[in-house]
Amino acid sequence: MYHPRVCAANVLKLESAYGVSLQEHALPEIDSWTGRLADVMDHKGKPLRALTEDEEAWILNETLLCKVDFAYFATRYAKINVKGHGLKTMDPFLETQLFILKKMGALELATYQGERQDGILLNLLKGARQVGGSTLAECVIGHRVVTQANLFGLLASDVPGEKGSGYLFDMLERIIDSLPWWLAPELIEHVKNAELKTAAGCNIWVDAGKSMKGAVGARGQLGRMKNISLCHIS
């Protein structure tokens, strides 16, 4: 998902499995297709018309590419709030985000080659502020929620609400809410600043460190008894 060699290998597997040749598309073309497909579903997800053959092929191409290539998903589909510019995709990545992705890719490649078995753990030091780390983290989690199944995640800051954990959750919600209908996951539960659950079995919980302090036996309970595989703690 993060290293070019791993992405290329997975693209080849999908092309063989589906009998297709996957093609990357630039953002203007994607915007054009998104507009063309807007009349297929209404705002409640009810079909309004059948897809044409080339529309089905387009959706399959984009869905498969997004599944195995994080950068493609982030720079074409993941919308973030940019001060003074409104919503836009993460194209281009910030230099700091590229640095982080390079480190993630190196760890992923080592795992792919059988040199390690651990997951990917990143620690951005406290002094690194306003470098796009939290935005990238939420996009990484959003990408997994959109393209994978049966994953459990936790978002937590020191305090709850819009100045803490809720701010992280807001970024994730924005990414998911801004996706075109054919890429967005079906949500079966969505509680503001609390939880998000998809029909594919992904669960994201929101919590805060402060709410876990002070009571006897309550310390260290963040995420307890949940098999967390995606985690963003700020």
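View 1. On a 1 Å grid over the protein atoms alone, a pocket is an open set of points where a 1.4 Å probe fits, with protein on both sides within 12 Å along at least five of seven lines, and its lining residues have an atom within 4 Å of a point. In this predicted model, local features need pLDDT of at least 70 and side-chain atom pairs pLDDT 80 or more, whereas totals for linings use all residues. Residues are numbered from 1 along each chain, and side-chain values use heavy atoms, without hydrogens and water. The second largest pocket holds about 320 Å³ of space, a volume being the space filled by probe spheres set on the grid points. Its lining residues include Met 41, His 43, Ile 176 and Trp 181.

**View 2. The aromatic pair of Trp 33 and Trp 58.** Rings of Phe, Tyr and Trp (its six-membered ring) pair if their centres lie within 6.5 Å, with planes under 30 degrees apart counted as stacked, over 60 as edge-to-face and the rest as tilted. The whole structure has five aromatic pairs. Trp 33 and Trp 58 are stacked, at 4.7 Å centre to centre with 5° between the planes. Because Trp 33 lies in helix α2 and Trp 58 in helix α3, the pair ties together parts that are 25 residues apart in sequence; helices here are DSSP runs (H or I, at least four residues).

**View 3. The aromatic pair of Tyr 77 and Trp 182.** These rings are edge-to-face, at 5.6 Å centre to centre and 90° between the planes. Tyr 77 is buried at 2% relative accessibility, as is Trp 182 at 9%, where buried means under 20% relative accessible area (1.4 Å probe, protein chains only).

Terms used. Helix = DSSP H or I, 4+ residues; strand = E, 2+ residues; numbered from the N terminus. Buried < 20%, exposed > 50% of the residue type's maximum accessible area, 1.4 Å probe, protein only.
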